[in-house]
Amino acid sequence: MAMRKVYSEIKGMKVKEVPNYVKPMLSMDYVKKAFQKGLDNYNSKYIQTDSIQPLYHVCFGGMVFSYLVALPNERRHLEHQQHSREHGHH
């Protein structure tokens, strides 16, 4: 949703105006405020309403994280398996 807002604002600008628009958004203070605003919104939307959604977010986030951590090892295993097939090993 926020990206759509940024895109719609940038769409009407000239190319020379875009860096001056984007540069303040990349400052540490802006990032901290945006992160804090996101946490506040999450708290009011899910935590204060006693929703079960945060539990789902933790479960699915943990699954995605474990998949991403195991992915390099799995890729090495599959590459080794493919290499063994190509060279006649079991």
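Is Lys33 buried or exposed, and what is its relative accessible area?

Author: Lys33 is exposed, with a relative accessible area of 55%, where buried means under 20%, exposed over 50% and partly exposed in between, computed with a 1.4 Å probe on protein chains only. This is a predicted model, in which local features need pLDDT of at least 70 and side-chain atom pairs count only at pLDDT 80 or more, while totals for chains, interfaces and linings use all residues. Residues are numbered from 1 along each chain as its sequence is written, and side-chain values use heavy atoms, with hydrogens and water left out.

The side chain of Lys33 meets that of Asp29 in a salt bridge, at 3.4 Å from N to O; the term stands for a side-chain nitrogen of Lys or Arg within 4 Å of a carboxyl oxygen of Asp or Glu. Side chains of opposite charge can pair when their charged atoms come close. A search of the whole structure finds one salt bridge. Asp29 lies in helix α3, which covers residues 28-47 (helices are DSSP runs of H or I with at least four residues, strands are runs of E with at least two, and both are numbered from the N terminus). Because Lys33 and Asp29 are four residues apart in helix α3, about one helical turn separates them. Asp29 itself counts as partly exposed, at 46% relative accessibility. Between the C-alpha atoms of Asp29 and Gln53, which are 24 residues apart along the chain, the distance is 29 Å.

Beyond helix α3, Asp50 sits in the loop between α3 and α4 (53-86). Although Asp50 is not a glycine, it has a positive phi of about 55 degrees, and at 72% relative accessibility it counts as exposed.

The contact between them, meaning heavy atoms within 4.5 Å, takes four residues from domain 1 and four residues from domain 2. Between domain 1 and domain 2 the count of salt bridges is zero.
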